[in-house]
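Keep the viewer open while you read.

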Amino acid sequence: MKWRILAALLLIAGSGGIWAFSSASLPENPQFDLPIEALRAGASDSGYADSVTVHIVAKAELAHFINTAWNGFDPEQRFYSAFEVRTGGETILIDVPHPERLHALVPGARDYYTDRYPALQQAVKRSDRMVISHVHGDHVAGIPYGDDPEAAATKTYLNEAQFAAFEEMGVPTEPNIREMGFPAALLAKTKRLDNAPWQFIAPGVAVIKAPGHTPGHQIIYIATREHEMLLLGDEVWTMENIRLERSRPRIISKYIVEEDTEAVVDILAAIIKTKKSNPGLILLPSHDEAAIVAAAKSGALTLLNAPAN
Ligand SMILES: [Zn+2]
């Protein structure tokens, strides 16, 4: 009798482990609405962006399975990027990664390209407006902890959920990648985006609410005359999630990142579905340098710095 109980317990523990290390399954009919036709029509009405330039300032390395369930232990490189869009006579900066002094807070942190950071802060300085994909430090800390936080905050446009998240976070005594903090006095200087599921903020540039990885997460659509792309932020960490149609393991998603796991896989399924019916659409997860390099090769954008290796 005892061995049966033991076998049952092992089975439960084993299946629990399999559950924890698997991705939540992708729905066949995702609820998330990625309104690609409306975005395309909107770009045709609003006009197109002139150019997209990408800054990559740092690198980290984590095992593949952390990003994509059951994808092995080989190291996967991750890059920290900002997208500078020129459109309608102005410059919009999307995401501003952390400065070098905060890089140690990034899991698996490797090189920081110290020489590239001044160029990123120059982009902050010359930008007319800034938006962020989400509130994690590797996408935003270059604003409150950059060269001129006050000037930068004044031209930062947050959605309501991002603002609320920063308000709640305050300035943590022990900052981490998810909470590097945004001091209240600076937060008060930021501006608000209109409260809409999606909206054009400039010719050819739209922000789409995609709450999942964080409550205020946004995907950004950019259309130039010849190319159309989606900046996926961190809903997808690398193109492996798209290729394998699999998200992060539940244990990472639910307990480490503490994201809305079901929402993330729903959005991932919607992205995959959209890509299948729009093969020319360029998908850019913010941490995937290979995808950024490929987009640069196709002429869709300019990579400010050549790949480091
Ligand atoms: Zn990130």
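This is a predicted model: local features need pLDDT of at least 70, side-chain atom pairs count only at pLDDT 80 or more; totals for chains, interfaces and linings use all residues.

As a general background, nonpolar side chains in soluble globular proteins tend to be buried together.

Next comes a sheet. Five strands make up an open sheet in the order β8-β9-β10-β11-β12, and the pairing is mixed. At its edges are β8 (198–202) and β12 (282–285), each of which pairs on one side only. From one strand to the next, the twist averages 25 degrees. Helix α12 (residues 289–297) packs on this sheet and touches β11 and β12, with its direction making about 145 degrees with that of β12.

| Strand pair | Sense | Bridges | A facing pair |
|---|---|---|---|
| β11 (residues 228–233) and β12 | parallel | four | M229 and I282 |
| β8 and β9 (residues 205–209) | antiparallel | four | F200 and A206 |
| β2 (residues 75–87) and β3 (residues 90–94) | antiparallel | five | R86 and T91 |
| β3 and β5 (residues 129–131) | parallel | three | I92 and R129 |

Two of these pairs are hairpins, and the turns deserve a look. Which residue takes a positive phi in the hairpin of β8 and β9? That residue is G204, with phi near 75 degrees, and the hairpin has two residues between its strands. The hairpin of β2 and β3 also has two residues between the strands, and G88 in its turn has a positive phi of about 55 degrees.

Now for the helices. Which residues of helix α4 (residues 117–126) are buried? They are Y117, L120, A123 and V124. These four cover an arc of only 115 degrees around the axis, so they sit on the same side of α4. In general, an α-helix has 3.6 residues a turn, so residues three or four places apart point the same way. The buried residues of α4 pack against β1 (51–63), β2, β3 and α6 (149–154). P118 and R126, on the other side of α4, are exposed.

Helix α1 (residues 2–21) has another setting: the number of its 20 residues that are buried is zero, so α1 lies largely in the open. At 1.5 Å a residue, α1 should span 28 Å, and its end C-alpha atoms are 29 Å apart, which agrees.

Finally, consider a loop residue. P183 lies in the loop between α7 (160–169) and α8 (184–187). Is P183 buried, exposed or partly exposed? With 14 other C-beta atoms within 10 Å, P183 is partly exposed, since a residue counts as buried at 20 or more and as exposed at 12 or fewer. Not counting residues up to four places away in sequence, P183 touches P144 and V171. P183 and E167 are 16 residues apart in sequence, while their C-alpha atoms are 8.5 Å apart in space.

Notes:
Residues are numbered from 1 along each chain as its sequence is written. The expected span of a helix is 1.5 Å times one less than its number of residues. Two strands pair if DSSP finds at least two bridges between them. Axes are lines fitted to C-alpha atoms, for helices over the stretch in contact, and angles run from 0 to 180 degrees between N-to-C directions. Two residues are in contact if their C-beta atoms, placed from the backbone, lie within 7 Å. The arc is that of the directions from the helix axis to the C-beta atoms.
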